[in-house]
Amino acid sequence: MNIAVVGTGYVGLVTGVALSDIGHNVTCIDIDIEKVKKMKRGESPIYEPGLEDIMKKNIEKGRLDFTKCYEDGLKNAQVAYIAVGTPEKEDGTADLRFIEAVAESIGQHAEHDIVVVTKSTVPVGTNDYIREIIQQNLFENMKVDVVSNPEFLREGSAVHDAFHGDRIVIGADTQSAADTIEQVNLPFGIPIYKTDIRSAEMIKYASNAFLATKISFVNEISNLCDALGANIEDVTAGMGMDARIGNKFLNAGIGYGGSCFPKDTSALVQLADQAGEPFELLRSVIKTNDKQKRLLVEKAKERFGSLQGKTVALLGLAFKPNTDDMREAPSITIAQELVLAGANVVGYDPIATENAKNVLPGAVTYATTAKEACQNADFAMILTEWDEIQAIQLDEYKSWLNEPILFDGRNCHNPTKAKQNGIEYHSIGRPT
Ligand code: UGA
């Protein structure tokens, strides 16, 4: 099939590349000409393991192209995906500006019947609005179907998820549109679940809100473990053996971040308020997460009394491993709190340093290795569990740091071994 994908962020680019890889002819449209030039050369504008190789392969095969121009992109397209951002507005609602602009452009440039598929996470009811905008902008009377096809890929494993996801959700209100998008996706061999448009939109928000709830729940339990002398790892291992609970997504830490959970939970809370059905549970999930992001600094303040003049090495800055994404990373709150408390902060991340410089306080300095960050630091904090950071040996911390004191926000090390190695070790929900 001939497919256009509008927007080449994490979702759009991975979608376009994956669709070309299963044999479709894909043209990705983006308004940023520099980005388009880069992608035409086979260079990915984002760090996503495995993406560039598949991109290059499909460009060479002539199945994948990039353009700035809607006219070119939509000329032969039977299907157009919308994959632009829906950032959070000040009031917590989703900002639909980019979606509106794309819907207008699709309406203005569509030359024949088309199925428009929304990949972006949008509030329930938005696809009806998208259809209205497109129809208002059409020059001729043609058939436009709208389909909700939410994305469930995770940054850092987006390529794997695109080919091995748990499900593909297709929300449509005509059989022909649902069938078309099912045909597009069949080669992936992933189970397909078909429903109406509003339920599909809700599946996305409900899934992210549920996962965020799981994390905040475990983080609350870990704080109780800290207070009562239990071990969160043993507790979650025991909980996870119950198939109804499941053993995934139960890692306690320093709170969830990223471009999805924080914005989608806020948007759902707002949506619920607007619908007259306040979502108090989700409000608490968000509050718990805000508190959890401050936990490591609280622990350090408790340990030292004052952090004034202390030098702290922050190891890992991205919101999670295998991504350069700094959006809503817990490291932002942690660096801000440390700087506010008068500490000197040295940051290190294998990939995200350049992005970190745009969002961490100006007073933060950066090291090019974990060793360099730790040398002359009074203590270290592990914020992102990159393999490289997990692989640092306990005796390396001992030789690098001024004092062998480690605050581990991702429970990368064994507390007993740390003690045996002479490290003063603080972690999340585990007795030291
Ligand atoms: C999340 C969802 O997992 C995807 O299914 C969804 O498609 C995506 O949002 C989206 O809406 O686009 P992502 O934000 O890439 O994906 O990252 P996750 O791997 O889900 O991690 C989110 C945050 O939760 C990270 O900060 C991570 O450190 C934290 N986390 C995750 C925990 O603290 N504990 C866990 O057990 C798991």
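Asn 411 sits in the loop between β13 (405–408) and α19 (415–420). This is a predicted model, so treat what follows as a walk through computed geometry. Asn 411 has a positive phi of about 50 degrees, although it is not a glycine.

Asn 376 lies between α16 (370–374) and β12 (379–382). Its phi is near 75 degrees, again a positive value in a residue other than glycine. Asn 376 has 13 C-beta neighbours inside 10 Å, so this residue counts as partly exposed too. The exposed class stops at 12 or fewer, which is why a count of 13 still lands in the in-between class.

Next, the ligand. How many residues surround the ligand? There are 20, and the closest are Glu 155, Asn 251, Tyr 256, Gly 258 and Cys 260. If you sort the shell by class, you get 10 nonpolar, six polar and four charged residues.

Where does that shell come from? Among the secondary-structure elements, helix α9 (residues 197–228) gives the most, with three residues. At the domain level, domain 1 (2–195) and domain 2 (204–290) each supply at least three residues to the shell around the ligand.

Conventions. Residues numbered from 1 in each chain as written. Predicted model: local features only at pLDDT ≥ 70, side-chain atom pairs only at ≥ 80, totals over all residues. Near = placed C-beta within 6 Å. Helix = DSSP H or I, 4+ residues; strand = E, 2+ residues; numbered from the N terminus. Nonpolar A, V, L, I, M, F, W, Y, C, P; charged D, E, K, R; others polar. Domains from an automatic or database assignment. Buried ≥ 20, exposed ≤ 12 C-beta atoms within 10 Å, placed from the backbone.
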